[in-house]
Amino acid sequence: MNTPRYVVAIDGGSQSTKVLVVDEAGTIHASAQRRLRPTESPSPGHVVHPDDDLWDSMVEACREALGRFEGDPRHIVGAGLCTIRFCRALLDEDGGLVEPVLSWMDQRVSRPHEQDARVRYVTTSSGYLTRRLTGERRDSVGNQQGMWPVDQERWRWSDDPDAYVRTGMRAEQLLELVQPGELLGRVTAEAGAATGLPIGLAVYATANDKAVEALGSGLRDDDPAVLLSLGTYVAAMAVGHDANATDERYWTNFAAEPGRYLYESHGIRRGMWTVSWWRDLLDAGQGITDDDLNAGAGDIAPGSDGLFAVLDWLAPGVATHRRGALLGFDGRQGRFHVHRAILEGIALTMRGHVDAMEAALGRRFESVIVSGGGSRSDLMMRILAAVFERPVRRNRLTDAAGMGAAISAFVGAGVHSSWGESVAATVHGADRFEPEPEWVRAYGPVREAYSLLPRHLDALFLEWQAIAARASEER
């Protein structure tokens, strides 16, 4: 018999840290999840992960997952580390945090770094956690998204002095970069004692969390499908080879496989977060679950009896005046209408973004792969199929970022000889939802009306912004 081989997949998301123990065929043998604490805003525009929460949640999730693992730990051949993109960690000489990790929602991550005598290194969330796990000052080039002096074509730090001026960073403050699938370092004795990971275990680089999610969903070069990621941040993605592909309707960043690029649509900054917000608002100790809300909302007709949910709970960077809104109450609607309207708002918004990306790329996506927590809802899948007017499918493992991290580790450890082989071995389809003709017809006028909302609401919110500014000045 062949000796089984496993990897530990670490998926650090915006709301929780998940850890899987996966074999080379993509079977999950143990798992654990720890919710992150709510982000804090110590001053206007600053949003941080409190204390050392990213590390603490990873420690706890690793210990629990490995405690549940019934296989032989000696057969664990590596770990793949995937973390939240667009974060910034400011470290002292010893690699400790000067202040809590800056969230992707923190305004400072989109601005040049402001020099601080306490800060010796400036890195990402993955760079910081690599330091904690391995003691090495290394990071994945695939997670250098946002304000970093990185050469996207050559997958390394830039040679252009102006890039460092624009980002406010000095070359000596940056960590060594490695490619996805390459070794970041090995688990130290201290980290092993904390996490339960085998001491000396190889830790392999992945990429930014959306790219890793695309990999774990099975999305590869020129796939006729588009990936719809239903997480805290909702976006649609395709994979290609052009580092310089650009258009106002999508943007290009590193994919999880070296030499490939992820084309990403505009998105919803608090997408599935809004679903959780509504559930938690209703719950008040009553034990209301997503399944309860989906069951009730499933009995509501498409269009939620005229109720629209506009999902700018966190305004997009290109239109900071926007706000979330619920429109169209007339006495018929209740809690299930609101839930369904939020799901429909996600589908309708993303249909518009995917249409725009298709036009820009000159491609027609034949189907939609759906990943993330939202894909577990049959109602969400049915709504998406009808709104997108094409089949939608989900994989056996909906935590695609976790599987992407596992794939990266299997490639790094040499268990699979190529990225394609690893994807084929580990990613397995589950359910396919065809568009239901009655729902497709019903959503036609709903989609048309929904597309008109920004035209009217932008004027309202801009005026409100001006009124608020005048009132502030008068005070």
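At what angle do the axes of helix α1 and helix α2 cross? I looked this up in a predicted model. I find that α1 (residues 53–68) and α2 (residues 125–134) have axes that come within 10 Å and cross at roughly 55°. For handedness, I note that the crossing of α1 and α2 is right-handed.

Next I listed the residues that meet. From α1 I have L54, W55 and M58; from α2 I have S125, Y128, L129, R132 and L133. I sorted the residues of this contact into six nonpolar, one polar and one charged.

Then I turned to the sheet. I read an open sheet of six strands with mixed pairing, in the order β3-β2-β1-β4-β12-β11. I mark β3 (28–35) and β11 (183–186) as the edge strands, since each pairs on one side only. Direction ignored, I have neighbouring strands of this sheet turned by 20° against each other on average.

I find strand β4 (residues 76–82) and strand β12 (residues 202–205) running parallel, joined by three bridges. I note L81 opposite A205 in β12.

Last, I asked myself which strands each helix lies across. I have α1 across β1 (6–12), β2 (16–23), β3 and β4, and running at about 150° to β3. I have α2 across β1, β4, β11 and β12, and running at about 30° to β11. I note that β1 and β4 are on the list for α1 and also on the list for α2.

Conventions. Residues numbered from 1 in each chain as written. Predicted model: local features only at pLDDT ≥ 70, side-chain atom pairs only at ≥ 80, totals over all residues. Heavy atoms only, no water. Axes fitted to C-alpha atoms, helices over the stretch in contact; angles between N-to-C directions. Helix = DSSP H or I, 4+ residues; strand = E, 2+ residues; numbered from the N terminus. Left-handed = near helix turned anticlockwise from the far one by under 90°. Contact = heavy atoms within 4.5 Å. Nonpolar A, V, L, I, M, F, W, Y, C, P; charged D, E, K, R; others polar. Pairing = 2+ DSSP bridges.
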